Amino acid sequence: MGRKSNNTEKQLVGPIFAHNEMNMNPDKLAGKLSRVKEYRTLFKEAYQSEKITFDKIARALAAFRKPSEASQANLISSSTEIIKP
């Protein structure tokens, strides 16, 4: 995994730990998600295993965020072209 992906994951999981946000223990979150059959099925499709770990949660969040980042970059690029004199 590249450095940018790792930083994206860190940014996305920050609110999970933050006391003023979710204030969630990573193992507890993985355990909660593991009790939901739909999540186990989705993780099995994505990671070839129903086992849900916090590392997989972080990677899934980063993968979910990437298309949004690309859209934002395209929007910024388009906006810059419009603003040019």
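Guide: The largest pocket is lined by Ile16, Met22, Leu29, Leu33, Tyr39, Leu42, Phe43, Ala46, Tyr47, Ile57, Ala60 and Leu61. The model is predicted, so that local features need pLDDT of at least 70 and side-chain atom pairs pLDDT 80 or more, whereas totals for chains, interfaces and linings use all residues. Residues are numbered from 1 along each chain as its sequence is written, and side-chain values use heavy atoms, with hydrogens and water left out.

Visitor: How should I read a pocket, and what volume does the largest pocket have?

Guide: Rolling a probe the size of a water molecule over the atoms shows where empty space is left. A pocket is an open set of points on a 1 Å grid over the protein atoms alone, where a 1.4 Å probe fits, with protein on both sides within 12 Å along at least five of seven lines; lining residues have an atom within 4 Å of a point. The volume, which is the space filled by probe spheres set on points joined across faces, edges and corners, is about 260 Å³ for the largest pocket.

Visitor: Which elements give two or more residues to the lining of the largest pocket?

Guide: Those elements are α2 (26-34), α3 and α4, and α3 gives the most, with 5 residues.

Visitor: Is Phe54 buried or exposed?

Guide: Buried means under 20% relative accessible area, exposed over 50%, and partly exposed in between (1.4 Å probe, protein chains only). Phe54 has 16% relative accessibility and therefore counts as buried, whereas Phe17, at 40%, counts as partly exposed. Across the 85 residues of the chain, buried residues make up 19%.

Visitor: How many salt bridges does a search of the whole structure find?

Guide: A salt bridge is a side-chain nitrogen of Lys or Arg within 4 Å of a carboxyl oxygen of Asp or Glu, and the search finds 2. In one, Glu50 pairs with Arg40, the closest N and O atoms being 3.6 Å apart; Glu50 sits in the loop between α3 and α4 and Arg40 in helix α3, 10 residues apart. Glu50 is partly exposed at 39% relative accessible area, and Arg40 is partly exposed at 25%. Asp55 forms a salt bridge with Arg59, with closest N and O atoms 3.2 Å apart. Because Asp55 and Arg59 are 4 residues apart in helix α4, about one helical turn separates them.
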